[in-house]
Amino acid sequence: MNNRLNTWLTRGDWLVLIATLLLVPNLYAAYWHGSGQGLEARVWVDGKPWARLDLFREQHLDVPGVLGVSHLEIGNGQVRFTNSPCQNRQCIHTGWLSEGGDVAACLPNRVSVQIMADDPRFDSINF
Amino acid sequence: MTQLIQTTRDDHLIAWFTALAITIHIAESALPSPLPGVKPGLANVVTLIVLCRYGWRMAVWVALLRVLIGSVLLGTFLSPTFFLSLSGALASVAALGLGWAVSRAVPGWALGPLGFGLLAALAHMTGQFWAAYALFIPHPALLHLFPPLMTLAAVLGIVSGVLTRSVLARLNSSPSTSID
């Protein structure tokens, strides 16, 4: 075992290092690829699918959650929370969603909205 | 009437190294973490030292006992933290086992401390992340965290490998600590 300390990197170490250098950028490519412009948003309430929305039909939507009503604004290919009966307004601060896979959620009210793209990266969503 | 349990030299080594690893584990838990799930993994250095000096079987004992006893002492036993930690440790010892088997089968491609450290850190993060995703937060948005977490794991794995290597070099140069 001592002979392995003669060098900083053995041949095996190089192999692991190079494999890592190849792996990490691929992880970014696999998990960070944008799904492009989404056409449709899905709304979940308390873990159950509640509505599917056309992102290009302008509308304001009241979503009855567990605590109260969350307001969604939809239009121009985007959706956002405009009001929600929660403390931190995290969902509102998330802002406009437009990219496929984008998610905003009001966890206290158990309401979430996600943009679906032509090529959705996920088959299902659970809370 | 006293009943004596026969302990072997290996048992004593495991106990001492586990105690050392737990100490580091607890000290490390006091450090503030920038991101949940990201720790320097200094306790893993002990696992790597045991691996390089005494082999994989002993390293498994030290790694798993450290997670178990460390969680009891920190009060996180059977909590989500514990299961994440355990998943990480299991994935990590599995990866080290693979690396160990390859190192023994093909000595020309044997891994050193850096290779093992990197392997352990990446496997630990992978196990922990997918356990978190499967058991606690099965939300697609969580997946965005995977690449940066793995990047950090790779960096920290190399750091732990370098630390392991320097500790091993010192252990080897002082005759009083060499047991075999």
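The model is predicted: local features need pLDDT of at least 70, side-chain atom pairs count only at pLDDT 80 or more, and totals for chains, interfaces and linings use all residues. Residues are numbered from 1 along each chain as its sequence is written, while chains are lettered from A and ligands numbered from 1 in the order in which they are written.

**Stop 1: the sheet.** Select β3, β4 and β5 of chain A. They form an open, antiparallel sheet in the order β3-β4-β5. Strands here are DSSP runs of E, at least two residues, numbered from the N terminus; helices are runs of H or I, at least four. Two strands pair if DSSP finds at least two bridges between them. β3 (59-64) and β5 (78-83) of chain A each have a single partner strand, so one side of each lacks a neighbour in the sheet. Now show β4(A), residues 69-75: six bridges join β3(A) to this strand. Pick Q59(A); its bridge partner in β4(A) is I74(A).

**Stop 2: the largest core.** A nonpolar core is a set of buried Ala, Val, Leu, Ile, Met, Phe, Trp, Tyr and Cys residues joined through C-beta atoms within 7 Å. Buried means that 20 or more other C-beta atoms, placed from the backbone, lie within 10 Å of the residue's own. Select V62(B), L96(B) and L119(B). These have the most contacts inside the largest core, which has 44 residues. Next, colour α5 (113-136) of chain B. α5(B) gives the largest share of this core, 11 residues.

**Stop 3: the second core.** Return to I74(A). It belongs to a separate core of 17 residues, which also includes L55(A), L97(A) and A105(A).

Terms used. A residue is buried if 20 or more other C-beta atoms lie within 10 Å of its own, exposed if 12 or fewer, and partly exposed in between; C-beta atoms are placed from the backbone.
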